[in-house]
Number of protein chains: 4
Amino acid sequence: MTIRVGVYGATGYTGLELIAILARHPEVELRFATSENSAGTSLRQSHPAAPDIPLVTSDEAPLGEVDAVFLCLPHTASAKKAAEALAQGVRVIDLSADLRLKTAADYEHWYKTPHAAPEILPVPYGLPELGREALRGAKAIANPGCYPTATLLGLVPLARKGLILPGTPIIVDAKSGVSGAGRTAKQYLLFAEITGNFYPYSIGRVHRHLSEMEQTLAEEGIEKGRLIFSPHLLPVDRGILNTMYVQVSDIPAAQQAIRDAYAGEPLVAALPGGEMATLAHVVRTPRAAISTTPGAGSTLIIVSVIDNLLKGASSQAVQNFNLMWNLPETSGLL
Amino acid sequence: MTIRVGVYGATGYTGLELIAILARHPEVELRFATSENSAGTSLRQSHPAAPDIPLVTSDEAPLGEVDAVFLCLPHTASAKKAAEALAQGVRVIDLSADLRLKTAADYEHWYKTPHAAPEILPVPYGLPELGREALRGAKAIANPGCYPTATLLGLVPLARKGLILPGTPIIVDAKSGVSGAGRTAKQYLLFAEITGNFYPYSIGRVHRHLSEMEQTLAEEGIEKGRLIFSPHLLPVDRGILNTMYVQVSDIPAAQQAIRDAYAGEPLVAALPGGEMATLAHVVRTPRAAISTTPGAGSTLIIVSVIDNLLKGASSQAVQNFNLMWNLPETSGLL
Amino acid sequence: MTIRVGVYGATGYTGLELIAILARHPEVELRFATSENSAGTSLRQSHPAAPDIPLVTSDEAPLGEVDAVFLCLPHTASAKKAAEALAQGVRVIDLSADLRLKTAADYEHWYKTPHAAPEILPVPYGLPELGREALRGAKAIANPGCYPTATLLGLVPLARKGLILPGTPIIVDAKSGVSGAGRTAKQYLLFAEITGNFYPYSIGRVHRHLSEMEQTLAEEGIEKGRLIFSPHLLPVDRGILNTMYVQVSDIPAAQQAIRDAYAGEPLVAALPGGEMATLAHVVRTPRAAISTTPGAGSTLIIVSVIDNLLKGASSQAVQNFNLMWNLPETSGLL
Amino acid sequence: MTIRVGVYGATGYTGLELIAILARHPEVELRFATSENSAGTSLRQSHPAAPDIPLVTSDEAPLGEVDAVFLCLPHTASAKKAAEALAQGVRVIDLSADLRLKTAADYEHWYKTPHAAPEILPVPYGLPELGREALRGAKAIANPGCYPTATLLGLVPLARKGLILPGTPIIVDAKSGVSGAGRTAKQYLLFAEITGNFYPYSIGRVHRHLSEMEQTLAEEGIEKGRLIFSPHLLPVDRGILNTMYVQVSDIPAAQQAIRDAYAGEPLVAALPGGEMATLAHVVRTPRAAISTTPGAGSTLIIVSVIDNLLKGASSQAVQNFNLMWNLPETSGLL
């Protein structure tokens, strides 16, 4: 079985990783890759170790010749292309934020712009380890954000067991490598600005990824407004590490809930007691790892790690693609 | 006025910074600098940009010819040398942990070894901005740890105003550059292990610096056992950034308490609203900076930053030295 | 066809990479991996993203149960183990320096110690792109050093065509990531010493890798004593970039000689005119890349790049292994 | 004596360093600092550790109220402002390339644009250790480029003694931190592009700094066209290290020539035999350091290091300023 796919937005960090995975996926034939700025060149010119793949503009891409598309486009552009693809019977894995929220109203609230294709909402949220049934055979899947992936893998198992103390703050102190901010040139992302530096940004209740996290937690009974999310920019190219502080009713039960949730999962590891999750566990892999440590009183400390470009974006997109087409979930990944 | 000083333990990162400050201090004459491993060489051989200062062993150092000593020695060695100096009328600024705890029992509890000179305890704790009166003219001063400096500058103003909600957890998510781990060769500190990596260690209730932090907070009415302290190792050479989550009774009052505490302080800045503290504010300076951001509900987020080798060690030691000798507090520092 | 292999010295950077390659090699069964310091633990404890492979001591390793061994041992230890394996009919790929020089006298001259197994010399030198015939079916192969690999790939094609001007200096300005210095804890390799720093070491005519380079060049008619080799330590974890300055009789012919030498090679690319070789071309890949630029007069500038742990060590070892067993040369590598 | 100065172009890396030096210079009063993009804000908003200095546009700056100006402007803009200042009797230290070449024709050849103020050429070239007489009391000084500073400090002493073999290539393999490329946002300077990477650019005979180097060497009898200059981009924020390969008639005499040239110089050190120059010798200092090592045959290897933002730009500008006003040359610097 060969599935013909196209990638929109191939020259960003996420697109590069996605192309690399698809190039070694046994059931995939990559038919096109787009870039508005680099059309007419090879992907190798955008990254010297990438495969030698010609780039075309979005308009030139033969959408009618593929079975599925991966969208690594800016938001609003992504929703439009998703609607166009679905209308032609082409399946969609969207790596932008456009399809993650269930309603256009929520989207407009957080993204300060009307949704470009409200008619295709809602779409299944593609975090396989937290619920893969809705993803099997889906026509469209919203690929989660990088921070939400790391956060929800740690919190949802506790919420499902009712272990989080009602009304308490849920604190997510998150640290991300700079590739999470994209590949567009900005002064604050220059090497000379980032090396030796470290700082928080958009902390408290303002980062857009709060919307996804709280939407998913609300489905598990955690009311909105309790999450405190503090992202920080790490002087590394890739990786996210979340240190989360949760008030729980029973610390050993909470630790067990996490172990139980991921027993048998090939891509998410609940680490054994005493082993702390580090970026080195996951960077350049499609895996997540989680460790738990008792704090004081009712506080449990949960550390979760992913590669923001892989489990936080491209490898998870391929997990979702595999589920969509009823392929083995780790095809192309291990 | 010229004060003759000696430095014990000059070749570690802290010692190097201290020597550099003392070399430009207008009232100081450096009489000796010690190193057990590098005695007989120049300090320049330990660091090519350091002043050309001969190193002697601790035993060779003419303790009788100085007015004060700075101790950058391993713990237990430091207490012994402090006692010896004080017995000869030489004043002491101790940068080790040996004199920070008020009782030998506390020391033994946290450091798992008997105190080497219990008779010289207690000694004033040298965090000038939180209480400089006890430091003026002192015979000995315990220089605070790097993490405690960053933590206490953020928390003590709230505790003094009674703004921290009783019984709530106080969460300190701390990130430190690797120079905090010292200059002794260890595999986990190799460049190839640290670059691109990031991780927590000794989190929860186990790091020794908890003892100092809780001792000082207890003096301000915060009972022991509530602090959750999660240090992380950053891939930078220097700098500490603490992100702290505190439950307070009145968020604006808490923000004002911090501004009030540091109004007029030359070395600690409460940043204006909207400006977030970053390592770039303080690295290679003797300064601290603090920003505050409301979280959700009663949670206030406090970010504090210092250079672990300066305000977290050597420049604070010189502040303490200046207070000890009734010199202007920032002599040699600005 | 399954070839049973063992790896001696699995926990260093080279060993880790080798194990990772062997774990996905379709014709290999890894029977054991040794570590004197970590025997009794899993390889995952030495590196959290490594496969979960038990480590045994060298003495415990069942040498009799394997068809081939890879030796990532310190020099002299390696030669002894190589002799032992060969005596039992087990083939050897040696990643140490022990088997690279053709005579025990040369070895003793450069390594200042007698050779531990002179009776097994000489052994074919495993740089496949410069001569793979001697490697097919070999009982033992000496895997080249990292610097020699990068250097010889650039220089040998010119030497073979007689393009290097007689008597002129051949200048190799080499820059290597720190993993080339190994994983043993040393102060000068600490993150805080390396970050932001850069410097040459062992420059001129003293580095041991000169012996390998000049031995191979001598076979191509370049007399010994003309090579000037200046290695530098880069603040990156992996990768070597050589900038080489060679006086040639005909610059376009020299550029063509390099293109011709690697036409059709799957793992060495002579880059098209105008494209400069960078570490990003090769890091974390088994590839080498070479670019050439005219200097002034008769000077040709050749830039060659490899990943020191892969083409400079472990992936080249697997190329050699594949040739030894008449497998496709890139098995396990692409 | 107080000299009133203005700085044009204060928010780039060079401008920031210059302001920091001037702020502690005992004879300087900084009257204005300009920035077209950040006018109306404080310099602290461009860099959190900078002094709190208001920024104005170039047009708003009160040129008539100062005795001297430092120009950190893009080329062509700089020449125009220099001419305007000189016409008003204000002295000029120009950190751009505009005044470095002696003739407008040379400028146009290398910079591909007509010179904006040919009437003010030639201007003394401000490399004090190679000739400070022309700088004392000068009305205008051209501050050398960063690469030329590092290169000429190593080569000129040999040229003056006639030690360089006629007709031989002079090879400068240069490595620079990324701040040398400026603070304007460009994709190739992003942290995620630079970290872990390293590569040469503009090698051979194309980099514009060749013009300055060869102009100065020509004055010492080295004809143009022999210099081969290969800059590389290092993953560090600051520092330049040049490894230079020169054919000399007498290696010990050449080493002695360098020692003699800098004996007694406060800011340039010829290192003792066996000590290799490293970035750590000079980064964040106004110093240069030079080491020499015999290669093979007639090749001498010279390693020179500077901080590209200090001795390669701003601290050298202040040396030149001090000479211009007959102040002690290291005022404000040590």
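Student: On what conventions do the descriptions rest?

Tutor: This is a predicted model, in which local features need pLDDT of at least 70 and side-chain atom pairs count only at pLDDT 80 or more, while totals for chains, interfaces and linings use all residues. Residues are numbered from 1 along each chain as its sequence is written, chains are lettered from A and ligands numbered from 1 in the order in which they are written, and side-chain values use heavy atoms, with hydrogens and water left out.

Student: What is the order of the strands in the open sheet of chain C?

Tutor: Strands are DSSP runs of E, at least two residues long, and helices are runs of H or I of at least four residues, numbered from the N terminus. Two strands pair if DSSP finds at least two bridges between them. In chain C, five strands form an open sheet in the order β2-β1-β3-β4-β5, with parallel pairing. Because β2 (28-34) and β5 (140-142) of chain C stand at the edges with a single partner strand each, one side of each has no neighbour in the sheet. Within this sheet, β1 (residues 3-8) and β3 (residues 68-71) of chain C are joined in the parallel sense by four bridges, and Gly6(C) is found opposite Val69(C) of β3(C).

Student: Which residues of helix α2 of chain B are buried?

Tutor: Buried means under 20% relative accessible area, exposed means over 50%, and partly exposed lies in between (1.4 Å probe, protein chains only). In α2 (residues 77-87) of chain B, the buried residues are Ser78(B), Ala79(B), Lys81(B), Ala82(B), Ala83(B) and Ala85(B). They pack against β1 (3-8), β4 (68-71) and β5 (91-94) of chain B. Just after α2(B), Gly89(B) adopts a positive phi of about 80°.

Student: How many residues does each chain bring to the contact of chain B and chain A?

Tutor: Contact means heavy atoms within 4.5 Å. Chain B brings 36 residues and chain A brings 36 residues. Buried area is the accessible area (1.4 Å probe) that two parts lose on being put together, summed over both. Here it is about 2700 Å², with 73% from carbon and sulfur atoms. On the side of chain B, Phe198(B), Ile203(B) and Tyr245(B) supply 19% of the area buried against chain A, more than any other three residues.

Student: Which side chains meet in a salt bridge there?

Tutor: A salt bridge places a side-chain nitrogen of Lys or Arg within 4 Å of a carboxyl oxygen of Asp or Glu. Two are found across the interface of chain B and chain A; one of them joins Asp173(A) and Lys175(B) (3.0 Å, N to O).

Student: What is the area buried between chain D and chain B?

Tutor: About 730 Å² is buried between these chains, and carbon and sulfur atoms give 54% of this area. Arg44(D), Pro48(D) and Arg284(D) lose the most area in chain D, together 46% of what that side buries. Ten residues of chain D touch ten residues of chain B. Two salt bridges cross this interface, including that of Arg44(D) with Glu275(B) (3.1 Å, N to O).

Student: Is Asn197(A) buried or exposed?

Tutor: Asn197(A) is buried, with a relative accessible area of 9%. Asn197(A) belongs to the loop between α6 (191-194) and β8 (199-200) of chain A. Leaving aside neighbours within four places in sequence, Asn197(A) contacts Pro235(A), Val236(B), Thr278(B), Leu279(B) and Ala280(B).
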